[in-house]
Amino acid sequence: MSENVVHLHKHTAHPTSDTAPTVLTVVPDAPPARPVPLWVRSGRAIKTGVTHEKTRATVRAAARHSLYTFNGGRIVARRAWDGRTGSRYERMIRAAEAAGNLEAAEEWEERLQRFRAARHHRRMDLLHSPVEAAKGVAVGAGMSIGVLVALGVVMAINTGHVGDVITPLSATIDFIALLIRIVQVVWGPALTIGPFLALLALWSVGRKQHAAPAWALPANVRGSEGEPITPSIVVKALRDLGVPALARAIKEMGDAGASMLGPIRIAGCGVEVDVTLPSGVATNEVQNKRRKLAENLTRHEHEVFITIPEAARTVRLWIADSGALDEPIGPSPLVTDETLTANYKTGRAPWGQDLRGDAAELSVYQRHLLVTGLSNQGKTAALRALALWLALDRTVQFWIADLKGVGDWAPFDGIAKVLIEGPSDSHCIQATEMVEDAVEEMNRRIEAVRKDPSLVFPPLGGPHLSPKNAGPPLPASTIKELEIPSMTQPTIAPRALPAGAPAASGMRFYLTTHKRHWVKLTDVPLFLKSEHFAAAAKLYPARGRYAVDSGGFSELQRHGCWTRSPRQYVDDLRRIWEHVGPYDWAAGQDWMCEDLIIHGGTAGPLTFVGTKLSVPEHQRRTVHNFLDLRSLAPTLRIIPTLQGRTVAEYHACADLYESYGVNLRREPTVGLGSVCRLQSTKQGAAIVTAMAARGYRLHGFGFKILGLERVGHLLASADSAAWSYHARKRPPLPGHTHKNCANCLDYALNWRRRVLAAIPTYHQTLLTDGSAA
C-alpha cells in the first residue's frame, strides 16, 4: 500500500559542495541632499510671489485705481482753475504768438478781455448782492406770512373757530421743523459718505481720461498700436526720446512744442511731417534713436523713416500706418494697362511703388543694374518685371542667364536670343561665354564708331559702355543670381492729379461770398451758392477759379427739406457752367447732421424748423442724392459729401458710399460736412484726421482760422466766409462810405492777405493758390 501514498511535502535539496552559495549585495541609500538655506528658500518664494501674473495684475490694478483718483483730482482742479481764471486764454495766446499766428492771437486776446470784463461785472454784483438778498428775504418772508394769515382768516370764517387763523402758519412751522429733523438725521451719514462719493467722482474722471501710466492701464487700453499720428503724439515721442536738450526745449516752449512741427501730410500708406529742431539739438541725435522714436510712436522700427530735407536743423519723419508695410501692393501696370508700350531708349519701366504710394519708374537705357537681397525677397521677380516691360519693344534682344535655374524664365523661351537656366558647371560655362560674347560685341561696336563716328547701330537696348550718340552696343543681357547691392535709384513719378485738383503740396483756399459779380472782378478762388446764380438775369464769365455750393444749410434751416429737385439743381449747374465757365466742382444736395438742423431751434437771429429725422436717414439721403445727381449729370463735377456727428458716424457714411460702388479715394474732392462748429475742437480734428487717413482729398466747408490752423494740412481745399463777420464788427476801410465792409471786395481781399500772412510759413504754402492768388 505504500506505493499508493503521495507525500504532500516537498523535499528540499541540500546544496552540494560544488554549488556556490548566492551572495546578496546591500546597496546603500543615496546620501541626503544638502539642506537649502532658509534665506535662499525665502528669496525664491518671494521672487515667485512677486513675479506671479496675479501679483502683477494686482499691483497694476492698485496703482491704476489710485492714480485714477489722484490724477482725476488734478484734472478737476485744472478745469476749475481754467474756468475761474483766464489761464486757458493766456496759454492759447502764447501758443499763437509762438507759431507766428497774430490773427489767432488777436482773437484769443479779445476773448480774454471779454472774459475779464464779465468776471469784473460778476464781482461788482457781489458787492450789492448781500443787501439785495436781505431785502429779498425780508420781502419774501413778509409776503409768505401775510398769505398764510389770510388763508387762516378764510379758514376761521369758514369753520367759525378763531384758532384756525394760525393753523396754516403753525403747519408751515411744523413742516420746517420736520425738514430740520430730516437734515439732522441725514447730516451725519452724509458727512461720512460724502468724501467717498467725492473720491468716486474723481476716480470716474481719471478713468475716463485714462489718467495713469501706460504700464498700469488695462490690456485693451494699453495696446495703442495703430493709433493715428497726431501732433501731440509726435511731440511726446520726441520729448521722451532721451535727448536732454530736446526735452528741455519742448518743456520751455509756450505751445508745448507744437511750433516745431510742420503740417502732417498724408504720404502713401503713412504720414509725413517735418520737425524743426530747437537750437542745441543736432539732426543725427534724432536719427541715431530711430528705434526708440518708433516705439514711442507705437510703431515698429521698419515703419519709421528719418531723412534730412534741405531746410537747416530739420528732420523729416515718415511714419507708416500700423501694419501697412506688411500688406501687398496693387498689381503692376503690366497686368492692368492693356495700352502700355515700351521704348528702351526713352521710356521708363514700372518697377514698383514707393512708400508714399507713387509709382517707381526706372530707365534701363545705358544702365547696369546690380540687384541684391536675401533669398525669396523678389530679386528674380524684379528683374523679370523689367524684362517683361522691355519685351514690349520689339527691337530689344534678350541674353538671359539664370544660374539658380528656378527663376521661371519660360515665357522668354523663343523670345530671348540666349536663354541659360541651371546651376551646373556647363551652365556656368555658357554664361561666361555669353558675357565674353557681349564684351566682344561691345568692343566691335566701339571700334566701328571710332572709324566712322556717324555710324548708328540699331536700338537693340540694354546697358552698354559706348561713346555718346553711338547707339546701344549691347543686346539686353541679364545674369541671375547677383548678391551685390543695388546701385540704381529708381525715379519716382508722382501720381497725376484729377482735373480741377490743387497741387499735392498745397491747399486751395476759396473766399465765400454771395456777390456773384465778383467772379468778373478778381481771380482769387471764390465759393458761391447756386441759388444766387439761378436768380440772376445775367451771368458774367469768371476770371479765375470758383466752386458752387448747393445752399443746403439755408434750405434745411428754412424748410427742413429740399425744395429743389435734383433735376432742377442739375439744370442750374448746367446754366452756370455754360455762362460763367467751368467750375472746379459743385456740392451735392446733402443733408447736414448738426443738432439744430435735425431737432430745430434758434441760434442768434436764425430759426431752424428741424427735419425731425435721424442721422442715418440724413446720411442715406445724402448718398442717394449724390447717386441721382451723378446719374443725371456725370460730367458736371458734382462731389460726394460725408455727413455725421462722430468719427464712427463719418466712417459709417463713407462705408455707405463704398457699398454703392463709389470709390471715394478716386474722387478729386470729397466734401466734409457738419464740421463747421466742431472744426477747432478735438472732436473736429479727430473727424478730419480719420477721414484724411482713409486717403480722401477733403474739402472743409465753412472753415475759420482756428480750424485751418489745427487741421488745414489735412485738407485739399477749404472755404471761409469769416471775413464778412469780421467786417461787421469793425469800421469800414478808409475812404469807404458804407456802414461796414461786410459786402466789400476790397475788405475781403485784404482779409485774405492778412490771413495768409499771419499763418506760419508751413501753413501759408498750403493756403496760397499760386494760380489764383
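**A close look at the aromatic rings**

Analyst: Happy to! Let's start with F527, which counts as buried because its relative accessibility is 3%, and the cut-off for buried is under 20%. Please keep in mind that this is a predicted model. Y510 is buried as well, with a relative accessible area of 1%. Both residues belong to a cluster in which ring pairs link Y510, F527, W585 and F701.

Now for the pairs themselves. The count of aromatic pairs comes to 17. One of them is formed by Y510 and F527, with 6.4 Å centre to centre and 55 degrees between the planes.

Another tilted pair is made by F533 and Y546, at 6.3 Å centre to centre and 55 degrees between the planes. Here F533 comes from helix 14 (residues 530–534) and Y546 from strand 13 (residues 546–549), so the pair ties together parts that are 13 residues apart in sequence. Are these two partners, F533 and Y546, buried or exposed? F533 is buried, with a relative accessible area of 1%, and Y546 is also buried, at 1%.

The charged end of R290 sits over the ring of F305, 4.9 Å from the ring centre. For W591, the charged end of R621 sits over the ring, again 4.9 Å from its centre.

Finally, the backbone. Most residues other than glycine have a negative phi. T298, however, has a positive phi, near 55 degrees. You'll find T298 in the loop between helix 10 (290–296) and strand 3 (304–307), and at 21% relative accessibility it counts as partly exposed. S674 also has a positive phi, near 65 degrees. Its place is the loop between strand 19 (670–672) and helix 20 (682–693). In contrast to the partly exposed T298, S674 counts as buried, with 9% relative accessibility.

Technical notes: Residues are numbered from 1 along each chain as its sequence is written. This is a predicted model: local features need pLDDT of at least 70, side-chain atom pairs count only at pLDDT 80 or more; totals for chains, interfaces and linings use all residues. Side-chain values use heavy atoms; hydrogens and water are left out. Rings of Phe, Tyr and Trp (its six-membered ring) pair if their centres lie within 6.5 Å; planes under 30 degrees apart count as stacked, over 60 as edge-to-face and the rest as tilted. Buried means under 20% relative accessible area, exposed over 50%, partly exposed in between (1.4 Å probe, protein chains only). Helices (H or I, at least four residues) and strands (E, at least two) are DSSP runs, numbered from the N terminus. A charge sits over a ring if NZ of Lys or CZ of Arg is within 6 Å of the ring centre and within 35 degrees of the ring normal.
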